Amino acid sequence: MHILVVEDEKKLAHLLRRVLQEESHTVNLAYDGLSGLELAESGTYDAVVLDVMLPELDGFEICRRMRTDNVMSPVLMLTARGSVEDRVAGLNVGADDYLPKPFAMEELLARVNALLRRRDRTFEVATQLRADDLILDLVRHEARRGERVIELTAKEFALLEYLMRHPGQALTRTQITDAVWRYDLEALSNVVDIYIHYLRDKIDQGFTRPLIKTVRGIGYKLEAYPPRKEQAV
């Protein structure tokens, strides 16, 4: 699943990302309220772990704006303030659960998993993304094209997921970097081109219909082919 963590304590944010990635989740980080709101409102996240005390915009306001804009990703709010009034305030602006700091990672994982299960039941979230004969299984963390199972690294998987969530849309290198490598030190100037090359070798080589296309002067897109017609017998 694709999870957003908005937390200004960078050590904690990195720890949360590592713990969630160990559970096979794809994780993006934001360290301030404005960046967190921009990412959250993309509507591409299966859950948001949201600190209350953030620079520029607090977690209450982020959650309120998400719900106003009909972004219904489940929200788990984190705060060092554990008073009843704060918990009520978070729930009243649309948060789904509330976890006071300090907390055990096991409890955080249990609460995130509970939110994901509840979202699956309530909103029937797709567990697979499809493009032509390419299938990305978000639960098994597996890619398959035709009869071929494709082994992907965590970053390759995150990149392919981002492309498949925006089929036919020309995405700039900046958009891709922000979504997949946001705040990562490894995000070098040519990292998108390098990983697109890796993906093409894995999902396009040997197939008659290449899916990843270069959009000259802009970036890349995943081709949105029309459904294949059944051949007459």
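Let's start inside helix α5, where V112 is found; helices here are DSSP runs of H or I with at least four residues, strands are E runs of at least two, and both are numbered from the N terminus. V112 is buried, at a relative accessible area of 2%, where buried means under 20% relative accessible area, exposed means over 50%, and partly exposed covers what lies in between (1.4 Å probe, protein chains only). Leaving aside residues up to four places away in sequence, V112 touches I3, L20, V49 and L76, a contact being heavy atoms within 4.5 Å. Take L20 from that list: V112 and L20 are 92 residues apart along the chain, and their C-alpha atoms are separated by 9.3 Å.

A word on what you're looking at. This is a predicted model, in which local features need pLDDT of at least 70 and side-chain atom pairs count only at pLDDT 80 or more, while totals for chains, interfaces and linings use all residues. Residues are numbered from 1 along each chain as its sequence is written, and side-chain values use heavy atoms, with hydrogens and water left out.

Now zoom out. The chain has 8 helices and 12 strands, and 48% of its 233 residues count as buried. Among contacts in the chain with a separation of 6 or more, 57% come from residues 24 or more positions apart. The accessible surface is about 12100 Å², with 50% of that belonging to carbon and sulfur atoms; these areas come from the Shrake-Rupley method with a 1.4 Å probe, and for residues only the protein chains shown count as cover.

Next stop, strand β4 (residues 75-79), which holds M77. M77 is buried, with a relative accessible area of 0%. Beyond its neighbours up to four places away in sequence, M77 touches L50, V52, G59, F60, G90, A95, D97, Y98 and L99. With L99, the sequence gap is 22 residues and the C-alpha to C-alpha distance is 6.1 Å.

How much of helix α2 is buried? In α2 (residues 33-40), 6 of the 8 residues are, so the helix is largely enclosed by the rest of the structure. The residues in question are G33, S35, G36, L37, L39 and A40. Their cover includes β1 (2-6), β2 and α3 (59-68).

Helix α7 (residues 173-180) has I176, A179 and V180 as its buried residues. Looking down the axis of α7, they fall within an arc of 80°, so they line one face of the helix; the arc is taken over the directions from the helix axis to the C-beta atoms. What do the buried residues of α7 pack against? The partners are β2 (26-30), α6, β10 (171-172), α8 and β12 (219-222).

The axes of α6 (residues 154-164) and α8 (residues 191-203) come within 10 Å and cross at roughly 85°; axes are lines fitted to C-alpha atoms, for helices over the stretch in contact, and angles run from 0 to 180 degrees between N-to-C directions. The two helices are therefore roughly perpendicular to each other, on a scale where under 35 degrees is roughly parallel, over 145 roughly antiparallel, 65 to 115 roughly perpendicular and the rest oblique. On the α6 side, K155, E156, L159, L160 and L163 meet Y195, I196, Y198, L199, K202 and I203 of α8. By class, this contact has 8 nonpolar, no polar and 3 charged residues (Ala, Val, Leu, Ile, Met, Phe, Trp, Tyr, Cys and Pro count as nonpolar, Asp, Glu, Lys and Arg as charged, and the others, Gly among them, as polar).

E142 sits in strand β8 (residues 142-145) and is partly exposed, at 25% relative accessible area. Apart from residues up to four places away in sequence, E142 touches I135, L136, D137, V149 and F157.

Finally, some backbone details in the loops. In the loop between β3 (47-51) and α3 you'll find E56, whose phi is near 75°, a positive value in a residue other than glycine. E56 counts as exposed, at 58% relative accessibility. D132, in the loop between β6 (128-131) and β7 (134-137), has a positive phi of about 55° although it is not a glycine. D132 is partly exposed, with a relative accessible area of 28%. Then there's the cis peptide bond joining K101 and P102, with omega about -10°; P102 lies in the loop between β5 (97-100) and α5 (105-123).
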